[in-house]
Amino acid sequence: SAPDVVDAMHPLRQRLAYDELLANQLALAMVRRHMKRTSGRVLRGNGELRAKILVALPYRMTGAQEMSVKEIAMDMASGQRMIRLLQGDVGAGKTVVALMALAIAVEAGTQGALMVPTEILARQHMASIGKIAAAVGLRLGLLTGREKGKAREEVLAALASGKIDILIGTHALFQEGVNFKDLGL
């Protein structure tokens, strides 16, 4: 009888999976090498906003979070394009690391964008980050597919004029008509 190659543990299937993974990783390495060749933008913050955020947080950042922020800050200051993936379980504190990175961009005089996959998540982030932002003087904006008419026009005008430091939203962040004054991160 024919071998059961549908079985995930069958050697033929494992070999195909290995080949696919290897090809994917090689392609990714080539893209990374090409991206690293093109220069990035140097963004160095003075630490003021980050210090205020640390005071405003209702908890202390973990060592892993602090290390991630330090590495991201080094990438942002390097002048090379940052190619970084921040991974962690739900509740591990990825959002606070992202907020600290966005604060570096704002400290450097630019704006930041935080794109999330759903409107619900965008609104949740707006609420949670909004409390800290209000305490430290960060100006936030929200843009999802739901914002229409005058409300949308007001957000877009504030964004283009630089009155919004960090824009939180869905894929609506990168649609035609959405113009940042100076997007840094």
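Author: Glutamate 119 has a relative accessible area of 24% and is therefore partly exposed; with a 1.4 Å probe and protein chains only, buried means under 20%, exposed over 50%, and partly exposed in between. The structure is a predicted model, in which local features need pLDDT of at least 70, side-chain atom pairs count only at pLDDT 80 or more, and totals for chains, interfaces and linings use all residues. Residues are numbered from 1 along each chain as its sequence is written, and side-chain values use heavy atoms, with hydrogens and water left out.

The side chain of glutamate 119 meets that of arginine 146 in a salt bridge, at 2.8 Å from N to O (a side-chain nitrogen of Lys or Arg within 4 Å of a carboxyl oxygen of Asp or Glu). This pair links distant parts of the chain: glutamate 119 belongs to helix H5, while arginine 146 sits in the loop between strand E2 (140–143) and helix H6 (149–161), and 27 residues separate them. Helices (H or I, at least four residues) and strands (E, at least two) are DSSP runs, numbered from the N terminus. Arginine 146 has a relative accessible area of 57%, so it is exposed.

A second salt bridge involves glutamate 147 and arginine 123, whose closest N and O atoms are 2.7 Å apart. Because glutamate 147 lies in the loop between E2 and H6 and arginine 123 in helix H5, the pair ties together parts that are 24 residues apart in sequence. Is glutamate 147 buried or exposed? With a relative accessible area of 12%, glutamate 147 is buried. Arginine 123 counts as partly exposed, at 28% relative accessibility. Through salt bridges that share partners, Glu119, Arg123, Arg146 and Glu147 are joined into one network.

Other charged pairs exist as well. How many salt bridges does a search of the whole structure find? The search finds nine. Aspartate 182 is in the segment after strand E3 (166–169), and arginine 41 is in the loop between helix H1 (11–37) and helix H2 (48–56); the pair links distant parts of the chain, 141 residues apart. Aspartate 182 is at 27% relative accessibility, so it counts as partly exposed. Arginine 41 is at 41% and therefore counts as partly exposed.

Next comes helix H4. Of its 14 residues, 11 are buried, so H4 is largely enclosed by the rest of the structure. The buried residues are Val96, Val97, Leu99, Met100, Ala101, Leu102, Ala103, Ile104, Ala105, Val106 and Glu107. What covers these buried residues of H4? The cover includes H2, helix H3 (63–78), E1, H5 and E3. H5 is also where glutamate 119 is found and where arginine 123 lies.

The length of H4 can be checked against its residue count. At 1.5 Å a residue, the 14 residues of H4 should span 20 Å, and its end C-alpha atoms are 20 Å apart, which agrees; the expected span is 1.5 Å times one less than the number of residues in the helix. After H4 comes glycine 109, with a positive phi near 90 degrees.

H3, which is part of the cover over H4, contains serine 68. Serine 68 has a relative accessible area of 19%, so it is buried. Setting aside neighbours within four places in sequence, serine 68 is in contact with Leu86 and Val97 (contact means heavy atoms within 4.5 Å). Val97 is one of the buried residues of H4.

The loop between H2 and H3 holds threonine 62. At 40% relative accessibility, threonine 62 counts as partly exposed. How far apart in space are threonine 62 and arginine 139? From C-alpha to C-alpha the distance is 26 Å, with the two residues 77 residues apart in sequence.
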